[in-house]
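Please walk me through this structure in an orderly way, for someone who has not seen it before.

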Amino acid sequence: MGFTVKDFSDLLRLLREHQEWREQLRALILTEELLRLPAEFRAFRDEIFEAFRRETEARFQALAEAQRRTDERLGRLEEALGALAEAQRRTEERVEQLAEA
């Protein structure tokens with residue numbers, strides 16, 4: 001396929017029209033290190049995302065466990081409070097019985 005480039009604008013237009021030319025030019029101009037950079041960045045991003053996901057999940061599990069323990073303690077406190085209220089009621093009844101006697 002023959003073509004001519006009259007000026008820089010022609011070159012840019014041709015490169016926009018032919019993606020395969022851009023890829024070949026990119027391979028000639030950029031170093032292997034720069035060409036690998038997008039894939040390496042994606043791998044790094046995925047690794048960081050996975051580490052963040054694991055850490056977040058671990059923290060939520062720890063929070064859920066702390067909430068479960070808090071709920072258990074609250075349940076025991078409610079039971080103890082109920083027992084204290086019942087003991088108070090019985091004490092008041094005895095005091096009334098003693099006062100009547």
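Arg54 is partly exposed, because its relative accessibility is 48%, where buried means under 20% relative accessible area, exposed over 50% and partly exposed in between, with a 1.4 Å probe and protein chains only. This is a predicted model, in which local features need pLDDT of at least 70 and side-chain atom pairs count only at pLDDT 80 or more, while totals for chains, interfaces and linings use all residues. Residues are numbered from 1 along each chain as its sequence is written, and side-chain values use heavy atoms, with hydrogens and water left out.

The side chain of Arg54 meets that of Glu50 in a salt bridge (3.7 Å, N to O), a term for a side-chain nitrogen of Lys or Arg within 4 Å of a carboxyl oxygen of Asp or Glu. Both residues lie in helix 3, 4 residues apart, about one turn of the helix; helices are DSSP runs (H or I, at least four residues), numbered from the N terminus. Glu50 also forms a salt bridge with Arg53, with the closest N and O atoms 2.5 Å apart, and Arg53 and Glu50 are 3 residues apart in helix 3. Arg53 is partly exposed at a relative accessible area of 35%, as is Glu50 at 27% relative accessibility.

Further along the numbering, Arg90 and Glu86 are joined by a salt bridge (3.6 Å, N to O), and both lie in helix 3, 4 residues apart. Arg90 counts as partly exposed at 37% relative accessibility, and Glu86 does so at 30%. The structure holds 14 salt bridges.

Technical notes
Helices (H or I, at least four residues) and strands (E, at least two) are DSSP runs, numbered from the N terminus.
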